[in-house]
Structures are given as C-alpha cells and as structure tokens.
Amino acid sequence: MKNAPSNTRAATFSDLIGPAKIIGKVLLAKLERLNPQTDSVAMLFHGPPGVGKSELASLFADTLIGGKSCRNYAREKISGAKINADLVRRWHDARGIGSLFSDWTVKIIEEVDAMPAVAQTLMLDYLDECQPGTAILATSNEQIKLLEERFRRRFQVWHVTAPTTEEIANFLRGKFPDIYPAEATTIAALCGGCVGAAIHDAENAIDIRFYEAIQRNEGGAK
Ligand SMILES: Nc1ncnc2c1ncn2[C@@H]1O[C@H](COP(=O)(O)OP(=O)(O)O)[C@@H](O)[C@H]1O
Ligand SMILES: [Mg+2]
C-alpha cells in the first residue's frame with residue numbers, strides 16, 4: 001500500500017471531469033484560433049468552489065504561453081483582494097510592453113469579486129485598451145452578482161458547475177488506486193460537488209489507513 005499522492009493538480013485539460021472537462025475542450029479549440037498579433041482575451045470562470053475554475057484558468061494560461069517553463073516570465077497570478085488602484089494604473093501604463101519569453105502575457109486574477117470597487121472601475125479602461133497578446137483570466141466563487149455589471153460584461157463568462165457524484169467517485173477510483181470503491185462512493189456523495197474537497201478526503205482516508213497499518217506493525221514489533 002502506498003501513501004496518497006500529494007500532487008493532485010490536473011496536468012492537462014483531459015485530466016478534468018464534468019462540466020470543466022467540456023469547457024476545457026472548447027478552450028482547446030479556441031486556443032488553436034487565437035492569434036497574439038490580433039487577439040486579446042478576457043475570460044471569467046465562475047461557479048461553486050472546487051469544480052475546476054482555477055485549473056481551467058491555469059491550463060489555459062500555460063497553453064497560451066507555451067508551457068509551464070515560461071510561467072515566471074509571462075504569467076502573473078494574483079488574488080483580487082490584493083489588486084489596488086495603483087497596481088491597475090501600473091498595468092495600464094505597461095500595457096504595450098509584452099514578454100520577452102512568450103507571445104502572450106497572462107494575468108490570472110483569483111477571486112476577482114474581492115477586488116476593491118475603485119480597482120474594478122479602473123480595470124474597465126485597462127480591459128478596453130488591452131493590447132493584442134494579453135490575456136486576463138479571472139475566477140470567482142458564486143458571488144458573481146457582487147461584480148458590477150459593466151465589469152462583468154467585459155469578460156467572456158464561463159459558468160463552471162459541479163460534476164455528478166458518479167463522475168467524482170470514478171475520478172477518485174482512477175486517481176487513487178488504493179481507495180476502496182465504497183469509500184470513493186461515500187466521499188463523492190458527501191463532498192457537495194467540490195472535487196477539491198473530495199481529493200483531500202480521499203487522501204485522508206488512504207493516509208489514515210497507512211497510519212493505522214504502521215501503528216499495528218509497530219505495536220506488533222514491541
Ligand atoms: N472538474 C475537475 N476535474 C478534475 N479535478 C478537479 C476538477 N475540479 C477541481 N479539481 C481538482 O480540485 C482541486 C481544486 O480545483 P480548483 O480548480 O482550484 O477549484 P476552484 O473551482 O475552486 O478554482 C485541484 O486539485 C483540481 O485539480
Ligand atoms: Mg479557485
């Protein structure tokens with residue numbers, strides 16, 4: 001028996017399940033069409049927690065910039081709560097300056113609903129004047145109504161919903177060879193559609209079993 005793996009992030013769009021997987025397929029087709037000389041991208045993934053919003057944004061970003069190795073140079077990831085008016089002004093001033101390492105410059109804004117209202121207002125101009133080769137990828141939990149309508153309208157909005165219980169149970173069985181089938185079913189049924197939580201619960205279930213096995217062995221060795 002092995003410990004549960006700790007790297008649980010999706011490596012490609014095809015690792016995703018449920019609605020996120022379908023959206024991933026649409027995004028892959030879109031990626032083929034995008035041209036950094038003429039196009040810019042503003043997309044907002046919203047929906048409940050743990051369904052693949054950040055994963056979609058991250059995979060889209062990595063594919064745009066040509067792989068994870070360019071991450072540090074062409075991709076910036078920031079949480080909405082940390083975006084203030086000064087930062088948006090800086091982005092605005094630097095908008096003509098691309099990356100040396102990639103045709104695309106990508107900003108991922110996590111939990112964009114937590115952005116202060118002033119920064120949201122300033123972002124309107126920035127979004128309107130985005131240069132070709134720029135991608136703004138935002139994520140938000142269900143509080144999409146907190147975003148001003150005029151802000152939201154500047155993004156292509158993807159509503160990401162939860163996979164079915166059966167999809168999550170099958171996913172857990174595929175990802176964790178050591179999980180008991182019934183355990184996967186129970187975890188999937190109790191996770192409320194949150195794949196992220198289901199992964200952690202599955203890891204816990206396996207690691208606890210591992211812990212107990214060691215404890216029994218050590219007990220027996222005494
Ligand atoms: N649809 C999905 N398919 C496969 N894994 C998923 C899916 N949704 C979430 N996960 C996994 O759950 C964890 C949290 O996902 P994340 O994309 O951060 O969720 P959120 O929707 O809250 O942004 C990650 O490990 C991710 O790989
Ligand atoms: Mg997220």
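Which residues are buried in helix α8 (residues 181-190)? I looked this up first. The model is predicted, and I kept that in mind throughout.

**Entry: helix α8**

I found Ala184, Ile187 and Ala188 buried in α8. I then looked down the axis of α8. The buried residues fall within an arc of 100°, so they line one face of the helix. I recalled the general rule here. An α-helix has 3.6 residues a turn, so residues three or four places apart point the same way. Next I checked the face of α8 turned away from the buried side. There I noted the exposed residues Ala182 and Leu190. I also read on past the end of α8. Glycine 192 follows, and its phi is positive, near 60°.

**Entry: the whole chain**

I noted 9 helices and 5 strands. Along the sequence I read the pattern α-β-α-α-β-α-β-α-β-α-β-α-α-α. The C-alpha atoms fill a box of roughly 70 × 35 × 35 Å along the principal axes. The chain has 222 residues, and 36% of them count as buried. I also looked at contacts between residues at least 6 apart in sequence. Of these, 82% join residues at least 24 apart.

**Entry: two domains**

I looked up the domain assignment. It gives domain 1 (13-159) and domain 2 (165-221). Their C-alpha centres lie 33 Å apart. The contact takes 7 residues from domain 1 and 7 residues from domain 2. On the side of domain 1 that touches domain 2, I noted 4 nonpolar residues, 3 polar and no charged.

**Entry: helix α1**

I turned to α1, residues 18-33. This helix has 16 residues. From its first C-alpha to its last it reaches 24 Å, close to the 22 Å expected at 1.5 Å a residue. Which residues of α1 are buried? I found Ala20, Ile23, Gly24 and Leu27. They cover an arc of only 110° around the axis, which puts them on the same side of α1. These buried residues pack against α2 (53-65) and β5 (156-159). The face turned away from the buried side carries exposed residues, among them Ile22, Lys25 and Glu32.

**Entry: helix α5**

I ran the same checks on α5, residues 117-128. Its 12 residues should span 16 Å at 1.5 Å a residue, and its end C-alpha atoms are 17 Å apart, which agrees. The buried residues of α5 are Ala119, Gln120, Leu122, Met123 and Tyr126. Seen down the axis, they fall within an arc of 165°, so they line one face of α5. What do they pack against? I found α4 (85-93) and α6 (149-152). On the other side of α5, I noted Ala117, Val118 and Asp128 as exposed.

**Entry: ligand 1**

I finished with ligand 1. How many residues surround ligand 1? I noted 19, and the closest are Gly52, Lys53, Ser54, Glu55 and Gly196. By class, the shell has 9 nonpolar, 7 polar and 3 charged residues. I then asked which helices supply at least two residues of the shell. The list includes α1, α2 and α9 (195-221). Last, I sorted the shell by domain. Domain 1 and domain 2 each give at least three residues to the shell around ligand 1.

Notes. Residues numbered from 1 in each chain as written. Chains lettered and ligands numbered in written order. Predicted model: local features only at pLDDT ≥ 70, side-chain atom pairs only at ≥ 80, totals over all residues. Helix = DSSP H or I, 4+ residues; strand = E, 2+ residues; numbered from the N terminus. Expected span 1.5 Å × (residues − 1). Buried ≥ 20, exposed ≤ 12 C-beta atoms within 10 Å, placed from the backbone. Arc of directions from axis to C-beta. Contact = placed C-beta atoms within 7 Å. Near = placed C-beta within 6 Å. Nonpolar A, V, L, I, M, F, W, Y, C, P; charged D, E, K, R; others polar. Domains from an automatic or database assignment.
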